[in-house]
Amino acid sequence: MQLNGVQIMCSSELEEPLTYFLQSDLAAKGIEVRRRSDFDDVLTANILAQDANEIPDDMELTAYFAIGIEISDIISQIKAKLLELKNYGFKTDNVEFKVIQVCDKMWQNQWEKFYHRVDFSRSLAIVPEWECPKPLNPHQIVIKMNPKQAFGTGTHITTQLMLMVMERVLLSEMSVLDVGTGSGILSIVASKFGASNVCATDISDDAIASAKKNLALNDIDNVELKQANLLTGVNGKYDLILANMLAEILYQLIPHLSDHLARNGRVIMSGIDCEQLSRIEKLLSENGFTVSLKIQEKRWFCILVSQKSN
């Protein structure tokens, strides 16, 4: 099967918002990201040196769509999103577009060449299913992944910030709600960290299919997948709610969190750009929450949220 590809040469700080937009709003069938920084240590990255010549000065992001999708409309929507992101302070100058056509098998082979193991910490590694899952030490948990069309490879800053806070606060026997699960990576980690049960939601057919496969890859049997728009149709209360999504979606989610949070429960949110943090904090406060922890990498924040004391 042939696929249309839209290559976007742009600043690497656009990776998170564009990836989410392309998959959630434009239903891209796959995303390939190549960054100049990936080639700083060619041997460690296991990437051929000649491939570095194909990468622009900063980043090349390619989104793939089925034949029949009007690519000119896709590019127009991307340009409109870039204008929106510019208002938030993102670097959107000198963005270039190129349209390509590939077969889906060729894309899969190319994507696998650039997606490699992430040793996140001494206790956690994210490994593609086609690579060796051997842990670095006897205590390291290895998560096997094949995200396909869904968001969540373990390489994104926002995902890594989530994992960092999860390692700190996720205790055994906690119930967890993963809103917008994507590839299922956070649900899988929550289960491996000892969560008693996990409910994972996503509105996307591709995400649910991808998460189901990744749960099976990791022999997870305590995660319930639910196709839903945010918290629609979700019942019960949870000790920990996970939400790794752009701030625009968090704005919609925050007013409904208290209906699903157990007594003394907490929320971990990521995907918050530095320009939007103050608005998120204000909305949380208006809905009875306080921010107890903030961590930042580049322009991205992850926050730990608790209910205000009465």
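Helices (H or I, at least four residues) and strands (E, at least two) are DSSP runs numbered from the N terminus. Axes are lines fitted to C-alpha atoms, for helices over the stretch in contact, and angles between N-to-C directions run from 0 to 180 degrees. The model is predicted: local features need pLDDT of at least 70, side-chain atom pairs count only at pLDDT 80 or more, and totals for chains, interfaces and linings use all residues. Residues are numbered from 1 along each chain as its sequence is written, and side-chain values use heavy atoms, with hydrogens and water left out.

**Exercise 1.** Describe the packing of helix α5 and helix α6.

*Solution.*
1. Helix α5 (residues 157–169) packs against helix α6 (residues 185–192) at an angle of about 20 degrees, and their axes are 11 Å apart.
2. Therefore α5 is roughly parallel to α6, a term for angles under 35 degrees.
3. Contact means heavy atoms within 4.5 Å. Thr159, Met162, Leu163 and Met166 of α5 meet Ile185, Leu186, Val189 and Ala190 of α6.
4. By class, this contact has 7 nonpolar, 1 polar and no charged residues.

**Exercise 2.** Which residues have the most contacts inside the largest nonpolar core?

*Solution.*
1. Such a core joins buried Ala, Val, Leu, Ile, Met, Phe, Trp, Tyr and Cys residues through side-chain atoms within 4.5 Å; buried means under 20% relative accessible area (1.4 Å probe, protein chains only).
2. The largest core has 89 residues, and Leu22, Ile78, Met166 and Ile268 have the most contacts inside it.
3. Helix α5 gives the most to this core, with 7 residues.

**Exercise 3.** Is Thr201 buried or exposed?

*Solution.*
1. Thr201 lies in strand β9 (residues 197–202).
2. Thr201 counts as buried because its relative accessibility is 0%.

Terms used
Angles under 35 degrees count as roughly parallel, over 145 as roughly antiparallel, 65 to 115 as roughly perpendicular and the rest as oblique. Ala, Val, Leu, Ile, Met, Phe, Trp, Tyr, Cys and Pro count as nonpolar, Asp, Glu, Lys and Arg as charged, and the others, Gly among them, as polar. Buried means under 20% relative accessible area, exposed over 50%, partly exposed in between (1.4 Å probe, protein chains only).
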